[in-house]
Amino acid sequence: MKNFKLYYTSDVHGYLLPTDDIQTGAQPLGLANAATHFQKDAQTLIIDGGDMFQGSPMLQYLQQHPTQDAVATAMNLAGYDYVTLGNHDFNFGYTALQQHLSHLDATVIAENVTDIDGKTLYPAQIKTLGDGTRVGLIGLVTDYINIWEQPTHLKGIKITAPLDQARQTIASLRDHADVVIGIYHGGYERDLVTGQRLSDTTENIAWQLTQALDLDILLTAHQHGDVPPQMMNGVLTLQLPNQAKKFAMVTGQKQQDQWQFAAETKPVGDIARPDIVTALAPLQQQVEAWLDQPIATLNAAIPAVEP
């Protein structure tokens, strides 16, 4: 009997430890807490849906004091196999992003990130698991990057329309893989209850992707929505909130020539992976000292004002 299991995170935004740097004490969030739940074996994949390298005070500190690639450190310890790219991962320019990606052990999949000639830079993959199950994986990112990002940050690359770029690739994956999974850094353009279209832009096209592409599973991101697993146009789909407050676990089993999929999203809880905490502890101390620095002084007290 063929089977697989995958763990999924997205929109971590550099929240690697169980702190939001606002409230005191450990908080139930962060990649280290999500990774506590990962149980890796030959049938398991660990995947992230993008927006890894921007968003937290720790990463802001590292922009000014680039002593460690904290995201790569944490993700490598957690055992990630594949990552796709999010729109915010381009915020500091493609050259900086390439440097980060070079430190990752995981394979990057982002089919619609191409060179100037249109050749994909991070092509889809087929992973053969221990029992021979072949899992096809394609990553896609919202093409609204072209609207938001500074042109100099995209020098030498193009972000093409996800649907156009994916059609032929997914047909090829279907010919060679047992299961085809899309990881899309984009969200839903329709109300998930009524089906009413909410947006006419191409920023979020997950509903359209499930309708137009021959996928078994579509893992979405970008909107930071807490979307429980559900079927959409015959495709299993879900979405997670930001800052690694939750993770998803998806399983599949093939019985009598039919695949059965199941998924759940879970809070990451209060327990952090000790190895990730230890690896980032000196950096976190530096970040806390940096955040404690005064940023302004006043020559006189601010008078109280009655409401």
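**Helices around α8**

In α2, the residues Pro57, Met58, Gln60, Tyr61, Leu62 and Gln64 meet Leu283, Gln284, Gln286, Val287, Trp290 and Leu291 of α8, where contact means heavy atoms within 4.5 Å. Before going on, note that this is a predicted model, in which local features need pLDDT of at least 70, side-chain atom pairs count only at pLDDT 80 or more, and totals for chains, interfaces and linings use all residues. Residues are numbered from 1 along each chain as its sequence is written, and side-chain values use heavy atoms, with hydrogens and water left out. Helices (H or I, at least four residues) are DSSP runs numbered from the N terminus.

The contact of α2 with α8 divides into eight nonpolar, four polar and no charged residues. Here Ala, Val, Leu, Ile, Met, Phe, Trp, Tyr, Cys and Pro count as nonpolar, Asp, Glu, Lys and Arg as charged, and the others, Gly among them, as polar. How are two packed helices described? By the angle between their axes and the distance between the axes. Axes are lines fitted to C-alpha atoms, for helices over the stretch in contact, and angles run from 0 to 180 degrees between N-to-C directions. For α2 and α8 the angle is about 90°, with the axes 10 Å apart, which makes α2 roughly perpendicular to α8 (65 to 115 degrees).

Now turn to α3, which packs against α8 (residues 274–291) at an angle of about 165°, with the axes 9 Å apart. That makes α3 roughly antiparallel to α8 (over 145 degrees). On the α3 side the contact is made by Ala70, Thr73, Ala74, Leu77 and Ala78, and on the α8 side by Asp275, Ile276, Ala279, Leu280 and Leu283. Eight of these contact residues are nonpolar, one is polar and one is charged.

**Pocket and cavities**

On a 1 Å grid over the protein atoms alone, a pocket is an open set with protein on both sides within 12 Å along at least five of seven lines, a cavity is a set of points where a 1.4 Å probe fits but cannot get out, and lining residues have an atom within 4 Å of a point. Grid points are joined across faces, edges and corners, and a volume is the space filled by probe spheres set on the points. Of the 14 residues lining the largest pocket, Leu62, Gln63, Pro66, Gln68 and His100 are the closest to its centre. At least two lining residues come from each of α2 (57–64), α3 (70–78) and α4 (94–102).

There are also two cavities of 30 Å³ or more. The largest cavity, with about 50 Å³ of space, has Met58 and Gln284 among its lining residues.

Notes
Angles under 35 degrees count as roughly parallel, over 145 as roughly antiparallel, 65 to 115 as roughly perpendicular and the rest as oblique.
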